[in-house]
Amino acid sequence: MEIKKIAVAGTLESSDCMVTVEPAKKGIELELESAVIRQYGRQIRKVALATLKRLGVRNARVSIVDKGALDCTIKARVECAVMRAAEHEGRINWGGMIK
Amino acid sequence: MKNAVGREIPEEIIEITGKEPFQGNYYRDDKPITLHGPTIRPVINNQKSKLVGSIREALEKCDAHDGMTVSFHHHFRDGDLIVNMVMKEIHDMGLKDIRICATSLGKAHSALVPMIEDGTITNIESSGVRGGIGEAISKGKLKGLAIMRSHGGRVRSIATGESHIDIAFIGAPTADDYGNLRGIGGKADCGVLSYAIVDGNHADHCVAITDCLVPYPNFPAHISQTKVDYVCVVDEIGIPSKIATGAAKPTTDQRKLLMAQYCTDVVVNTPWFKDGFSYQTGVGGASIASTQYLADIMRERNIRMGFGVGGLTKAMCKLLDDGMADVMLDVQDFDLDAVKSLKNVNHHRIPAAVYANPLNKGAVVNKLDYVVLASLEVDVHFNCNVVVGSDGMITGAQGGHPDTAQGAKCAIVICPLLQGRIPAICSEVTTVTTPGESIDVVVTDYGVAVNPARQDILQALKEAECVPLKTIEELRDIAYSIVGEPDKVEFEDRVVGIIEARDGTIMDVVRQIKEV
Amino acid sequence: MSNPNKYRLRRTMMFLNCQKPSLIKDPYVYKPDSIMLDLEDAVAEREKDAARYSLYHALQEIDYRGVERVVRINGLDTNLWREDIRCAVAGGCDSIRIPKTETADDVRTVEYAIAEAEREFSRPEGSVLIMAALESARGVINAMSICDSSERLFGIALSGGDYSKDLQVPISGTGVEFMGARQHMVIAARAAKVQCFDTVWTNLDDMEGFRRETEIIHSMGFDGKSIVNPRQIPVVHEIYTPSEKSVIFAEKVIKEIDTKKAQGIGVFTVDGKMIDIAFYDGAKRTIALAKASGVYKGDL
């Protein structure tokens with residue numbers, strides 16, 4: 001999936017995270033800010049990178065400001081931000097690209 | 001060397017401090033100790049005035065020097081102005097290597113951080129620290145060691161001479177010119193001076209600071225003229241709105257109400273809930289709500305409370321004022337209603353020593369049936385952590401947690417299973433502050449776990465079928481299944497603080513946080 | 001196509017905004033019978049997409065511990081509802097709630113889309129149930145045909161906010177404006193053997209008013225009430241707790257009928273009085289309620 005513009009998803013409320021996706025020239029650049037970075041930083045990165053991979057995103061600058069979100073929320077926000085940034089419209093591949 | 005709660009205490013720490021590792025709750029029971037007295041300068045000359053014009057003058061008259069220990073109390077809570085006021089003067093005098101021995105330090109005291117960084121303050125002894133100071137210590141900025149002690153433990157360390165106070169600074173809502181101090185009246189009304197009484201008894205010098213000088217004699221005095229060297233009048237000793245707040249509005253958070261209900265169900269279905277029972281609880285929403293549920297059941301079953309103790313709130317004092325409790329024993333007032341309730345003849349002030357000192361001839365906590373506590377973390381061994389955040393940063397205080405938990409027949413900890421993504425019930429707490437042997441019941445929003453050492457409680461709750469019982473391991477597993485198992489927080493090797501057990505042994509050490 | 005969940009107990013159905021992770025994380029601790037994950041009114045127009053991703057992963061990954069997961073889709077007058085259904089069915093929801101239902105055809109339209117999604121995402125046919133919210137005078141007056149519209153439909157719910165606007169009256173708090181709709185809907189639901197649910201009570205400062213209203217709809221025959229705050233759940237469950245007397249009676253009825261039937265006897269007596277077979281279903285419901293309320297520990 002090609003990132004065409006900058007897009008944001010999520011909020012800074014507790015248990016949520018705010019994900020910003022921007023076009024980038026080469027590769028994935030992931031920046032993470034989290035109050036639980038010492039305990040869950042590794043896990044959050046892992047989930048975010050796997051989600052990006054599933055979405056077929058090869059080049060993007062992604063920043064996550066995490067407020068204690070569960071994995072399911074991290075995925076949902078990354079997906080939403082990417083879909084917005086890729087200007088995706090129409091039916092969504094539930095259970096495939098979104099998993 | 002591993003102590004009784006399985007924590008590794010480095011040999012060098014044992015050497016430097018001369019302390020032993022924690023050996024279990026009753027290690028020092030019945031063992032003789034000698035108490036310590038201060039070196040004082042008597043006032044025989046009736047011409048001498050105790051009034052001084054400034055804190056600087058008081059410091060000079062008390063022979064302030066490098067390396068001395070100064071003490072403070074925290075009855076003014078987040079509204080305290082005394083600590084910063086005195087430390088600024090000490091800093092301006094250019095004194096170094098100061099040891100602070102406080103009953104607690106909080107958010108009001110972040111002004112001390114630069115003094116830690118420049119070597120004015122090199123050692124801190126406190127119930128705990130929050131805010132900027134906690135962060136500074138965790139980041140290794142304090143040259144010496146921070147020692148965290150429970151309220152009872154602090155009295156013990158001062159009374160035995162382990163902590164020697166050179167100058168005690170006692171903020172007093174009212175004082176007369178000869179040093180009779182009361183916690184009540186004035187502008188910074190905090191009700192009691194319970195935590196500072198030991199300072200008066202054992203410090204070499206004692207300076208009272210007040211913003212309300214009253215005619216002699218300010219009686220009945222909570223701290224007597226016989227303990228006080230100097231009285232200093234300043235404009236303001238505290239911010240009233242941050243000292244005793246208005247009573248907390250009853251919580252409407254259903255999760256807290258749910259835990260409150262479980263907690264009350266545990267209390268009323270265990271054998272000590274009978275006429276004359278004793279009780280202590282905290283200031284959290286769930287604690288206050290559970291006190292209200294408890295009051296309903298006391299009314300229904302016609303059961304009276306023999307005594308209530310602790311830091312008091314409106315919810316507890318109402319039991320006294322409504323004639324449902326015989327006596328309240330008070331070491332701290334959290335709201336204005338508790339301060340007001342002091343007018344009741346059965347509402348008594350008690351010193352911290354009477355409340356919780358483990359090494360006297362028996363403290364009030366020993367007579368407690370129930371205590372309801374909170375905790376940042378509880379592990380599968382029932383060890384509690386109330387000082388160090390799950391991220392490794394010092395952020396809380398022991399308070400009376402270890403004292404009351406050990407003393408009470410039934411110690412209940414209320415804590416939501418998850419704090420955001422952080423599992424409060426875990427395999428191993430970040431730092432042990434209260435040993436699992438003191439904790440009997442853990443109440444969460446996902447169910448209630450009973451310490452297997454307390455089969456009597458487990459049996460009673462099983463029979464009553466009143467709460468969803470889980471094992472502590474089940475609670476941890478539920479937590480991990482939701483949020484995932486957390487990675488272990490990484491620390492540097494350097495020990496920055498010690499969690500001291502009530503009796504002065506080492507419960508755990510706190511290490512410097514690793515930068516990420 | 002008979003879904004065993006069609007007649008499950010639904011005393012409380014708690015509304016939750018899909019877009020709020022803190023709300024959908026663990027609502028089961030409050031023990032509602034059902035949660036209603038909302039894609040419609042609670043979600044701002046520009047967050048409709050975000051709500052779907054949240055919904056999908058919540059349904060897939062959060063263990064709601066037996067609480068029924070109903071998804072409220074956007075109205076049939078939008079271009080959102082079809083994708084809402086695909087998302088909810090793919091995620092694994094138990095039921096779809098149709099907002100602003102006016103006719104039996106509305107239900108059948110949704111039923112068709114659900115069946116299609118069940119095939120697309122390999123879910124057993126008929127696994128997803130439907131409930132219809134009636135939010136207008138037309139919807140309410142068509143209650144009977146809506147109740148009869150689909151085998152998947154387990155119940156209808158009154159949606160008081162929109163309905164009162166359609167009636168051109170403000171919500172009074174006394175319930176007078178809902179009298180006709182409530183009575184009519186309960187009768188239609190009972191006639192069609194489906195369930196009937198009451199509207200929300202939004203004034204959280206007036207818990208007494210909430211209690212009064214719940215007592216009224218309970219005695220009118222409603223199966224449950226929509227909930228906007230977990231604090232309301234214990235109140236509803238308390239009101240729906242059967243009395244000790246009725247539980248004892250129900251237990252006797254069930255045991256008597258079961259035993260006699262097994263013996264081939266067609267005459268039943270409880271406490272010396274003849275009872276009718278028609279008591280049986282009611283008695284079963286009483287025992288189910290008593291179990292859910294934690295007041296029945298017997299062996300039925």
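Predicted model: local features only at pLDDT ≥ 70, side-chain atom pairs only at ≥ 80, totals over all residues.
Which residue of S9(B) is the bridge partner of B:Ala168?

S6(B) and strand S9 of chain B, residues 205-210, are parallel and are joined by 6 bridges. Here is the reply to our opening question: B:Ala168 has B:Cys206 as its bridge partner in S9(B). S6(B) also pairs with strand S2 of chain B, residues 69-72, again in the parallel sense, over 2 bridges. In that pairing, B:Val70 has B:Ile167 of S6(B) as its bridge partner.

The peptide bond joining B:Tyr216 and B:Pro217 is cis, with omega about -5°. B:Pro220 lies in the loop between S9 and S10 as well, and the bond from B:Phe219 to B:Pro220 is also cis, with omega near -10°. For anyone preparing this model for a calculation, these are two omega values to look up in the structure above.

Now step back to the whole of chain B. The chain is divided into domain 1, residues 50-243, and domain 2, residues 254-490. Taken over C-alpha atoms, the centres of the two domains are separated by 29 Å. Where they meet, 29 residues of domain 1 are in contact with 31 residues of domain 2. On the domain 1 side, helix H5 (131-138), helix H6 (151-159) and helix H7 (197-202) of chain B each supply at least two residues. H6(B) makes the largest contribution to that side, with 5 residues. By residue class, the domain 1 side divides into 11 nonpolar, 13 polar and 5 charged residues.

Chain A comes next. Its secondary structure amounts to 2 helices and 4 strands, and along the sequence these follow the pattern β-β-β-α-β-α. The radius of gyration of chain A is 12 Å, close to the 13 Å that the globule rule gives for 99 residues, so chain A is as compact as a globular protein of that length. The C-alpha trace spans about 35 × 30 × 20 Å along its principal axes. Of the 99 residues in chain A, 47% count as buried. Among contacts in chain A with a separation of 6 or more, 73% come from residues 24 or more positions apart.

Chain A also touches chain C, in a contact that takes 20 residues from chain A and 17 residues from chain C. On the chain C side, the elements giving two or more residues are helix H1 (21-24), helix H2 (48-61) and helix H3 (81-91). The largest share of that side, 8 residues, comes from H2(C). The chain C side divides into 9 nonpolar, 3 polar and 5 charged residues.

Around C:Ile156, leaving out residues up to four places away in sequence, the residues touched include C:Met131, C:Leu134, C:Ile146, C:Met185 and C:Val194.

C:Arg65 lies in the loop between H2 and strand S3 (68-72) of chain C, and its phi is near 55°, a positive value in a residue other than glycine. C:Arg65 counts as exposed because it has 12 C-beta neighbours inside 10 Å, and a residue is exposed if that number is 12 or fewer. C:Lys193 is found in the loop between helix H8 (179-192) and strand S7 (195-198) of chain C. C:Lys193 has a positive phi of about 60° although it is not a glycine. With 11 C-beta neighbours inside 10 Å, C:Lys193 counts as exposed too.

Technical notes: Residues numbered from 1 in each chain as written. Chains lettered and ligands numbered in written order. Rg over C-alpha atoms; globule rule 2.2 N^0.38 Å. Buried ≥ 20, exposed ≤ 12 C-beta atoms within 10 Å, placed from the backbone. Contact = placed C-beta atoms within 7 Å. Nonpolar A, V, L, I, M, F, W, Y, C, P; charged D, E, K, R; others polar. Pairing = 2+ DSSP bridges. Domains from an automatic or database assignment.
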